[in-house]
Amino acid sequence: MPMLSDPSQKYRPYTPLKLENRQWPSKTFTKVPIWLSTDLRDGNQALANPMTIEQKTLFFRQLVKCGVKQIEVAYPAASDTDFAFVRGLVENNEIPDDVWIQVLTPAREDLIRRTIDAVAGTKNAILHMYNATSPTFRNVVFRNSKEKTIELAVQHTKLVRQLTEECTAKYGTIFKYEYSPETFTQTEPEFALQVCEAVKTAWGKAGTGDDRIIFNLPSTVEIAPPNHYADQIENFCRNITEREKVIISLHPHNDRGTGIASAELGMLAGGDRVEGCLFGNGERTGNVDLVNLALNLYTQGIHPDLDFSDIQTAIDTVTQCNDLPIHPRHPYAGELVFTAFSGSHQDAIKKGFEAQRIRHAEAAAQGKPLYWDIPYLPIDPADLGQDYEAVIRVNSQSGKGGIAYLIKQHLQLDLPRKMQVAFYQVVQGVADREAREMTVDDITTAFRNTYHYGGPKYQGRLALRNFKISAEPVEDPAEDGEDTPDERRRFDGTLSVDGVYRVIRGDGNGPLSALLDALRVHLDIDFTIRDYTEHSIGEGKDAKAASYVEVVPAGDRKSSQSWWGVGVDSDIAGSGLRALLSAVNNAIGDRALPELKLSVGFNSRSGQADVASVIVNSLGLELPRRLQSAFFEVAQRAAGDVGGVISLGALTEIFQSTYGFYPSGAPPTKFLLGSFKLEHVGDGAGRQFVGDIVVEGEKRPVTGEGNGPLSSTLSALHSLINGVLTIREYSEHSIGEGTEVVAASYVELLYEVAGSKKTRGWGVATDTDITASGIKAVLAAASNLGVVLKQ
């Protein structure tokens with residue numbers, strides 16, 4: 001059957017109430033209503049599968065946890081299950097002293113008696129009685145006149161008074177009385193007042209404060225706009241006598257989808273109390289949602305006296321007990337209510353958080369409130385125990401601002417705007433291709449893969465292993481009165497290039513330009529930097545630098561094609577270098593790079609860095625620059641003896657024989673380390689070496705003092721040799737990872753002996769103990785120098 005072309009022939013509009021000079025439209029919220037949860041009664045009766053006693057008990061405990069002080073627990077006379085549940089609450093001491101349980105009964109003597117029996121012995125109880133008062137129910141359902149309807153309410157109110165007083169005398173239970181003219185909104189306003197006046201008189205005990213009688217005025221079925229309900233409530237409040245002795249309770253349903261509005265306008269119109277359910281469960285379209293109402297007040301700066309700091313637990317309990325889901329768009333509780341997919345919304349939220357961070361810092365410094373003001377977010381999710389992870393979610397409609405927000409939230413990286421645009425295109429490509437929402441993990445993984453960020457798993461073809469930035473000496477110092485020329489920087493470092501270590505070096509006016517020069521010279525990679533930005537992550541000793549670099553082809557700063565990179569390091573130079581390599585990795589793609597080939601000798605193409613690359617790959621040793629230079633001379637001489645070409649394996653053997661470096665077992669050298677210990681001497685700053693040094697196969701006990709392990713070893717060694725050894729340079733690094741890590745040490749010694757020229761020599765050693773590694777390197781250098789032993 002189609003919708004009618006003229007629905008006025010089938011449906012009558014509501015009849016507006018003529019209320020002169022209504023006051024509620026100009027009022028604002030200033031107080032919190034009394035809250036009554038009817039989840040366990042009105043909510044439960046609406047379920048296809050009513051709750052078990054265990055579920056109702058769990059739900060009751062959750063209501064108490066949320067701070068609800070009045071809870072309608074059952075219609076005890078309706079079933080043995082409901083009666084047993086109420087008795088269980090009473091007898092198992094489940095009800096806190098400050099909580100009132102409410103029980104419902106129709107105006108029937110046998111049911112009233114059974115209801116009072118259910119609560120006997122509890123501390124505080126509200127007896128809620130109702131009878132239908134609207135014309136449809138009077139004339140059609142019950143066939144009662146107005147007079148008979150009033151008589152029924154009065155007669156059974158007197159019975160309630162009698163029976164509750166008897167129960168109080170016998171068990172000490174304190175009672176409040178609530179009466180509902182059922183279907184109030186469809187009852188003639190003057191008749192609803194007439195019935196309630198008669199009930200108040202019959203009760204005879206209405207007083208002020210805690211002794212007030214409760215009149216529940218339900219919108220049993222919503223049949224008019226919420227302003228009409230507000231008019232009905234204000235009219236009742238104006239005309240009921242002894243208003244100070246009456247609590248006006250609101251009980252809106254949601255048939256027209258305006259249950260929340262009805263309750264809020266009803267409160268402005270004079271309502272003192274609201275009956276509803278958590279998240280709006282209830283008959284048909286549900287009762288009014290207490291969580292929604294409470295948090296609406298909260299967002300106006302009024303604490304609702306209900307606690308939803310852990311709203312997810314409340315959600316879990318309600319869905320488990322009701323076996324009904326909460327809609328993803330349900331106010332405050334739905335999984336999507338704090339979520340923006342739209343690009344413009346995401347951008348506004350991102351900018352809102354950034355502006356609020358500044359605003360809050362200024363307000364805190366001045367001792368002012370930290371007001372919440374974020375676009376599209378009327379409440380801070382954190383106040384409800386929620387995090388910001390779902391505030392921005394990404395699909396094909398999302399914008400760069402939202403994606404950048406997620407990267408900042410989860411990786412602490414505040415991307416520059418142009419990089420946001422670049423990464424947005426990456427994410428959009430994935431979202432369009434897969435036609436689904438992208439999770440935070442999808443986005444952060446795409447970022448890590450794109451920019452080779454976040455550890456070895458995401459490492460690109462070029463990866464920084466170690467580096468050193470040093471100042472180049474100025475060749476022509478400025479004359480007096482001239483500007484001092486800019487000091488240039490030199491990059492010395494080791495890269496992993498397609499899994500092979502390469503030692504590279506370059507010069508420039510800063511660390512990044514020096515690395516660019518090194519990439520151009522050694523790997524034929526030629527780019528220039530068009531944009532660079534940085535920021536800090538964290539504070540204090542844990543602070544790190546985050547750098548962002550945009551590169552373009554060398555000589556074309558206006559190029560339409562560019563590549564971005566990101567790097568994070570505790571050292572600002574390291575952060576920038578890593579960002580540059582990240583960008584270069586993106587730029588080179590899978591293009592072939594020059595392989596490491598060795599040609600050493602006169603007019604050869606290989607330099608110190610190439611030779612050092614061979615050693616780091618074959619032995620894991622990252623030679624200090626001066627040792628690179630010294631060994632390069634050795635390699636050139638050796639290459640000259642064989643026609644200028646030398647194999648990689650031969651070069652490794654030359655290094656080992658030159659420096660006596662045989663970590664897996666070596667030919668004996670002049671000096672070897674035996675057992676030893678280091679002791680503190682003097683005021684604790686000095687060290688004493690006590691141990692054995694094996695000299696040409698003979699163990700010699702020695703001692704020596706110095707300001708550290710190496711100087712005390714030299715002191716001990718001086719007891720065995722003629723002349724003097726001094727340390728010119730010392731360097732160290734680790735090889736391997738985890739339990740396999742060892743220390744590598746490099747020592748250059750200067751040897752002076754009467755009658756001979758000064759000589760210099762290097763020693764190299766490794767050991768699982770860094771101190772032993774350094775001492776072994778000293779002894780290796782002394783062995784290589786051919787020092788003269790004492791006779």
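Two strands are said to pair if DSSP finds at least two bridges between them. The legends below describe close-up views of a predicted model.

Figure 1. Strand β5 covers residues 174-182 and is mostly covered, with seven of its nine residues buried. Strand β4, formed by residues 124-132, runs parallel to β5, and nine bridges join the two strands. Within this view, Tyr130 stands opposite Ser180 of β5. Strand β6, formed by residues 213-219, also runs parallel to β5, and this pair is joined by two bridges. Tyr179 has Phe215 in β6 as its bridge partner. Between β5 and β6 the chain passes through helix α7, residues 189-203, and this β-α-β crossover is right-handed. Strands of a sheet pair through backbone hydrogen bonds, in either the parallel or the antiparallel sense.

**Figure 2. Strands β15, β16 and β17 form an open antiparallel sheet.** The three strands are arranged in the order β15-β16-β17. Strands β15 and β17 stand at the edges with a single partner strand each, so one side of each is left without a neighbour in the sheet. From one strand to the next, the twist averages 15°. Helix α21, residues 709-718, packs on this sheet and touches β15, β16 and β17; the direction of α21 makes about 125° with that of β17. Helix α22, residues 770-785, packs on the sheet as well, touching β15 and β16, and the direction of α22 makes about 130° with that of β15.

**Figure 3. Strand β16 takes part in two hairpins.** Strand β16 comprises residues 686-695, and eight of its 10 residues are buried, so the strand is largely enclosed by the rest of the structure. Strand β15, residues 671-681, pairs with β16 in the antiparallel sense over nine bridges. The hairpin of β15 and β16 has four residues between the strands, and Gly682 in its turn has a positive phi of about 65°. Strand β17, residues 698-706, is joined to β16 by nine bridges and runs antiparallel to it. The hairpin of β16 and β17 has two residues between the strands, and Glu696 takes a positive phi near 50° there. Gln688 of β16 can be followed across the view: Glu679 stands opposite Gln688, and Gln688 stands opposite Glu705 in β17. Ile693 has Arg700 in β17 as its bridge partner.

**Figure 4. Helices α18 and α19 pack against each other.** Two packed helices are described by the angle between their axes and by the distance between those axes. Helix α18, residues 608-619, and helix α19, residues 625-641, pack at an angle of about 100°, with their axes 9 Å apart. Angles of 65 to 115 degrees count as roughly perpendicular, and α18 and α19 are therefore roughly perpendicular to each other. Helix α18 contributes Gln608, Val611, Ala612 and Ile615 to the contact, and helix α19 contributes Arg625, Gln628, Ser629, Phe631 and Phe632. By class, five of the residues in the contact of α18 with α19 are nonpolar, three are polar and one is charged.

Figure 5. Most residues other than glycine have a negative phi. Tyr332, although not a glycine, has a positive phi of about 70°. Tyr332 lies in the loop between α11, residues 311-322, and α12, residues 343-365. With a relative accessibility of 10%, Tyr332 counts as buried, because buried means under 20% relative accessible area. Tyr376 likewise is not a glycine and has a positive phi of about 70°. The loop that holds Tyr376 lies between α12 and α13. Tyr376 is partly exposed, with a relative accessible area of 48%.

**Figure 6. Ser37 and Ile403 are buried residues.** Ser37 is placed in strand β1, residues 34-37. The relative accessible area of Ser37 is 0%, and Ser37 is buried. Leaving aside residues up to four places away in sequence, Ser37 touches Leu63, Val68, Gln70, Ile71, Glu72, Gly276 and Leu290. Ile403 is found in helix α13, residues 400-411. Ile403 is buried, with a relative accessible area of 2%. Ile403 and Asp347 are 56 residues apart along the chain, and their C-alpha atoms are separated by 8.9 Å.

Definitions and conventions. Residues are numbered from 1 along each chain as its sequence is written. This is a predicted model: local features need pLDDT of at least 70, side-chain atom pairs count only at pLDDT 80 or more; totals for chains, interfaces and linings use all residues. Side-chain values use heavy atoms; hydrogens and water are left out. Axes are lines fitted to C-alpha atoms, for helices over the stretch in contact, and angles run from 0 to 180 degrees between N-to-C directions. Angles under 35 degrees count as roughly parallel, over 145 as roughly antiparallel, 65 to 115 as roughly perpendicular and the rest as oblique. Contact means heavy atoms within 4.5 Å. Ala, Val, Leu, Ile, Met, Phe, Trp, Tyr, Cys and Pro count as nonpolar, Asp, Glu, Lys and Arg as charged, and the others, Gly among them, as polar. Buried means under 20% relative accessible area, exposed over 50%, partly exposed in between (1.4 Å probe, protein chains only). A crossover is right-handed if, with the strands pointing away from the viewer, the path from the first strand over the helix to the second runs clockwise.
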